[in-house]
Amino acid sequence: GRAVLSSMTGFGSASYEDAELRGRVEVRSVNNRFFKLNTKVPDLLYPSLHEVEALVKSRLERGTIYLSIYVDLLAPPLEYVLDRRAIAAYRRELDAIQQELRIPGEVGIGVLAVLPGAVRPAREEALDGEGIWERLRPVAGEALDALQAMRGREGGRVRDEVLLRCETIREGLRAVEARLPAVVREYQERLHRRVQALLAGVETKLAPEDLAREVALYADKSDVSEELQRLRSHVDEVVAACEGPEAAGRRLEFIVQEMFREANTMASKSGDSELVRHVLGIKSEVDRIKEQTQNIE
């Protein structure tokens, strides 16, 4: 079956040989955000080039593809060929006439070969580009199979790496969530100590509700619960893309951009060094996922 994720890097080749030709198809691919096909084929195959390109496009969606077809004609076509059907027809007619008229002797091949139509130009018999492509089409399919198998193996490695990074991000998000109550509580304690120090020796007292209001404002400003929820959702999307049946490269690129956006917002909202450390760890894992997904179809 098709690999869940497919890398854009790979190589495949296949060969063919019969009495008339020897052929080889090689195809390799490297990273590209879009699809780009470079072909190198013999002049004989130029009329079939659109069919060659259509076959590759039906199999691959992203990457720069280099496809080369090599052909050696093993037996150069003859300039003239004997038309077996014409000669056989002449022979039947001559035999019938010979029997009917009782003419003695044998009709040899030398006589038959010089009759009109017995020999004709061989150009129509020569192996043309269409005939070559018909023989090499399955070979090109085999080369593409080999390429996709290699891309699939590499894609599997990338998938395992990305899923591991996703689990590390989930751990980071749990650490952020666990830290949030302490952040507000520590802010409240710092604020209370600072106010006490400022009001030391002064008869003015800070009303508890004023302190509570300030803490509530801070808690609201530094609340990252929505970012946490969206990041968790994005992680789930990455996992689903890795395990889905469709090509996931472009989708993963978009999700990774959204993850960076949420992580940056989360970092900007927090003045807590421990929380920022967790968020930076999350961003580091997202960056590694981005590196891996740049080679995904």
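**Exercises on a predicted model**

Arg59 counts as partly exposed because its relative accessibility is 23% (buried is under 20% relative accessible area, exposed over 50%, partly exposed in between, with a 1.4 Å probe and protein chains only). The model is predicted, so local features need pLDDT of at least 70 and side-chain atom pairs count only at pLDDT 80 or more, while totals for chains, interfaces and linings use all residues. Residues are numbered from 1 along each chain as its sequence is written, and side-chain values use heavy atoms, with hydrogens and water left out.

**Exercise 1. Locate Arg59 and state what it touches.**

Step 1. Arg59 belongs to helix 1, residues 49-59 (helices are DSSP runs of H or I with at least four residues, strands are runs of E with at least two, and both are numbered from the N terminus).

Step 2. Not counting residues up to four places away in sequence, Arg59 touches Gly141, Leu144, Asp145, Gln148 and Glu297 (contact means heavy atoms within 4.5 Å).

Step 3. With Asp145, the side chain of Arg59 makes a side-chain polar contact at 2.3 Å (a pair of N or O atoms within 3.5 Å; within protein, one must be able to donate a hydrogen and the other to accept it, and residues adjacent in sequence count only if both atoms are side-chain atoms).

Step 4. Gln148 lies 89 residues from Arg59 in sequence, and their C-alpha atoms are 8.6 Å apart.

**Exercise 2. Describe the sheet, its edges and the helix packed on it.**

Step 1. The sheet is open, has four strands in the order 1-2-4-3, and its pairing is mixed (two strands pair if DSSP finds at least two bridges between them).

Step 2. Why does one side of strand 1 and of strand 3 lack a neighbour in the sheet? Strand 1 (10-17) and strand 3 (35-40) stand at the edges and each has a single partner strand, so one side of each is left without a neighbour.

Step 3. From one strand to the next, the twist averages 10° (axes are lines fitted to C-alpha atoms, for helices over the stretch in contact, and angles run from 0 to 180 degrees between N-to-C directions).

Step 4. Strand 1 and strand 2 (residues 21-30) run antiparallel and are joined by eight bridges. A hairpin of three residues connects strand 1 to strand 2, and Gly10 has Ser29 in strand 2 as its bridge partner.

Step 5. Helix 1 packs on the sheet and touches strand 3 and strand 4 (63-73). The direction of helix 1 makes about 140° with that of strand 3.

**Exercise 3. Which residues touch the most other members of the largest nonpolar core?**

Step 1. They are Ile169, Val176, Val238, Met259 and Met266, in a core of 30 residues (a set of buried Ala, Val, Leu, Ile, Met, Phe, Trp, Tyr and Cys residues joined through side-chain atoms within 4.5 Å).

Step 2. At least two residues of this core come from each of helix 4 (129-198), helix 6 (225-243), helix 7 (249-269) and helix 8 (273-293).

Step 3. Beyond four places in sequence, the contacts of Ile169 include Val235, Met259 and Ile282.

Step 4. A second, separate core has 24 residues, among them Ala14, Val52, Val71 and Trp133.

**Exercise 4. Is Arg102 buried or exposed?**

Step 1. Arg102 sits in the loop between helix 2 (84-101) and helix 3 (109-113).

Step 2. Its relative accessibility is 75%, so Arg102 counts as exposed.

Step 3. Arg102 is not a glycine, although its phi is positive, at about 55°.
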